[in-house]
There are 2 protein chains.
Amino acid sequence: MTTRRRLLSATAALPMLALPAVGRTQPAAAPVVARLDFSFTDYTTRGGGRLPVVRIGYQTAGRLNAAGDNAVLITHFFSGNGHAFGRLEPQGPLGWWDSIIGPGKPIDTDRFYVVASDSLVNLNAPDRHTITTGPASVNPSTGRPWGLNFPAVSIRDFVEVQKRLLESLGVRRLALVAGPSMGALQAVEWAAAHPAMVERVIPAIGTGEVDAWMMGWLDLWCAPIRLDPNWRNGDYYGQGRDAPLRGLAESLKLVTLHSRDRGWAAQFGRRPAEGQEPARRVQDRFAIEQWLDSAASARSRLSDANSFLYLARANQLFLNEYESGAAALAGAPQRWLVLPSQGDRVFPIEYSRELEATLRQAGKQVELVPLRGGLGHLEGVSNIAQAEDAIRRFLAP
Amino acid sequence: MTTRRRLLSATAALPMLALPAVGRTQPAAAPVVARLDFSFTDYTTRGGGRLPVVRIGYQTAGRLNAAGDNAVLITHFFSGNGHAFGRLEPQGPLGWWDSIIGPGKPIDTDRFYVVASDSLVNLNAPDRHTITTGPASVNPSTGRPWGLNFPAVSIRDFVEVQKRLLESLGVRRLALVAGPSMGALQAVEWAAAHPAMVERVIPAIGTGEVDAWMMGWLDLWCAPIRLDPNWRNGDYYGQGRDAPLRGLAESLKLVTLHSRDRGWAAQFGRRPAEGQEPARRVQDRFAIEQWLDSAASARSRLSDANSFLYLARANQLFLNEYESGAAALAGAPQRWLVLPSQGDRVFPIEYSRELEATLRQAGKQVELVPLRGGLGHLEGVSNIAQAEDAIRRFLAP
């Protein structure tokens, strides 16, 4: 009975990696948030690539004040999109940080104008709620999908695109930029690139540096995609071709397990999958393997393999225009709340402690509040509400 | 200059994952250890499979006393073999724990009779110094390689085969069983299965439990092999067929990075590989990626992909005949020295702390000495000498 309930909660944890289509629907009615569309032309990437048009989706809550300085930017994680709060449909799932964003919540939409946008090269390109520009988009100059002809982009490019979006909305200053995981990287890159536009920063389950070890891991996440014969060097779009879903599913499995911890996995125990005899046959499966198989396989159908590769590269290029994290953050804003997770295996907690030390050395005000729980990295997404008090204190007027 | 020297030391660290052919040769002459061959017929695996013949390689040092109770068994890690000490050729590399095994060393061959054998389903099946029985061996009843018809085997099977080898040598009691990583699993399984035969146990960089989280990781290590079209469900042996070396190399890369830590990776910095522009082109490589590519590719040519899968399964089946680690170890020997590594990402140090707690609760004498250093998991192989004093104390007569 207990086991059954815990298994259900494992499925409930899936939306973090699997939003939005695999998400649980919620019974209560809530206001539906509109997905909006922002585009502009002629963007030159930081690496010198030319994009004739950039288009991304976003959503907002609250109202911008006359001074344009009560805005909050929420930045999303690797496999996420801008659906950070609210529902997109009356019975649809809540956004991934909905527990802390809304009227009267720690990020109070009665006070702040909150904006959350889809990244460039978003993983969820095939999903109807996501709007992005990346390798799966049509290159206007050829009329065909970009594939690997799309230029590499960096987290800094994500920031530059967000800046144009915010300016188009009349935002002059961000009271806060906050996000988990890759969202933390964007928040830190904002602080480095445009410190005068940012008042406060919350990097959750992130880092102030993507070092060689993490760069290596990002590459290993990508390896299964490149091994899938259907990948065809990224040229798999169009009729009569199959997307490299097997390789993509294996890549997603790496992200899924890496971003969870032992406490989460304990629910599966050492049980074989039903009808399987792993102690006799090497091809037979255990329960944990079967869960990973089916979760990743479901998720792969809403994801784009090339976009996965571009996202990994964008993470590898975090702060790549600076010699070091310290150099990047010397002129950064003053106020920081760092929210690492104790059992984080993607960005082990020492990454956040090093960021804290860098910020202190630069004379910033910084508080570090560790999240706890068996979910590991994903505590910073699913269970961010445990930091509610710290966030309220940090944002107190 | 410093960078160059550190890069060389990265290459020097390779033998741990790449023994024996990629190992550095050593200038000094030293006695050459003979590789010996043990075989027996009609083995029934713990899972009920039938092996008409089992053959494994081994080596020894020191002399067995008349009582047959001064023997030490050294058990190897996932990608290793029984070449734990000495040289196999006058100019060849030293064994992986040579720093602590030999005359006057902590595991003193003037006092102990030391035995180290190749495991079943050994990864190095194609290597001429390795003798093993596994999926790459010829099935005597068909005259063809077993492939996936080879039965799944467990760490307990490794132990049972070692027990027959030791009995054939006249060993009646083990003064010590010790090994790193998968070697630690074998040591613990020995303690559970045959406590009366074991006096002391040293599990280094290991665990007392392979839980669902670790079982999931072991499966993810295997995924690239299964994605390689040359794998053909394990049926790739024989003329005109190519082994799945690309997939195997990606699997080895996962093991390589997982078993190292940030301090080791720091030598590569965030540098692009020579002539590459990763900030512009998504297919271009960073230095760390290139090193992983070439190390794993070299290593794949001396390894067998199916054996990798069987090894992963054997690890998943660690202590699978017991309800829990506590149940397995209630009747275990009294004396334990647990050697975890502080930056271990494969078996994070809490696994060893939990083993320590389990042993204490069962009333055993246990000392835990953490290894330190930027190499992570592999501190327990390359830098085991840092535990020299603890091992000497533990083995004091």
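These points cover a helix pair, aromatic pairs and charges over rings in a predicted model.

1. Helix packing. Helix 5 (residues 212-227) and helix 9 (residues 305-316) of chain A have axes that come within 9 Å. The crossing angle is roughly 170°. Angles over 145 degrees count as roughly antiparallel, so helix 5 and helix 9 of chain A are roughly antiparallel to each other.

2. Who makes the contact. Helix 5 of chain A contributes A:Met215, A:Leu218, A:Asp219, A:Trp221, A:Cys222 and A:Ile225. From helix 9 of chain A come A:Ala305, A:Phe308, A:Leu309, A:Ala312, A:Asn315 and A:Gln316. The contact residues divide into nine nonpolar, two polar and one charged.

3. Aromatic pairs. One joins A:Trp96 and A:Trp97: ring centres 5.6 Å apart, planes at 55°, so the pair is tilted. A:Trp96 is buried at 6% relative accessible area. A:Trp97 is buried too, at 1%.

4. A pair within helix 5. A:Trp213 and A:Trp217 pair edge-to-face, with 6.3 Å between centres and 85° between planes. The two are four residues apart in helix 5 of chain A, which means a separation of about one helical turn. A:Trp213 is buried, with a relative accessible area of 1%. A:Trp217 is buried, also with 1%.

5. A cluster with both chains. Ring pairs link A:Trp213 and A:Trp217 with B:Trp213 and B:Trp217 into a cluster.

6. Charges over rings. The charged end of A:Arg260 sits over the ring of A:Trp264, 5.1 Å from the ring centre. B:Arg262 places its charged end over the ring of A:Tyr351, 3.8 Å from that ring's centre.

How values were computed
Residues are numbered from 1 along each chain as its sequence is written. Chains are lettered from A and ligands numbered from 1 in the order in which they are written. This is a predicted model: local features need pLDDT of at least 70, side-chain atom pairs count only at pLDDT 80 or more; totals for chains, interfaces and linings use all residues. Side-chain values use heavy atoms; hydrogens and water are left out. Axes are lines fitted to C-alpha atoms, for helices over the stretch in contact, and angles run from 0 to 180 degrees between N-to-C directions. Angles under 35 degrees count as roughly parallel, over 145 as roughly antiparallel, 65 to 115 as roughly perpendicular and the rest as oblique. Contact means heavy atoms within 4.5 Å. Ala, Val, Leu, Ile, Met, Phe, Trp, Tyr, Cys and Pro count as nonpolar, Asp, Glu, Lys and Arg as charged, and the others, Gly among them, as polar. Rings of Phe, Tyr and Trp (its six-membered ring) pair if their centres lie within 6.5 Å; planes under 30 degrees apart count as stacked, over 60 as edge-to-face and the rest as tilted. Buried means under 20% relative accessible area, exposed over 50%, partly exposed in between (1.4 Å probe, protein chains only). A charge sits over a ring if NZ of Lys or CZ of Arg is within 6 Å of the ring centre and within 35 degrees of the ring normal.
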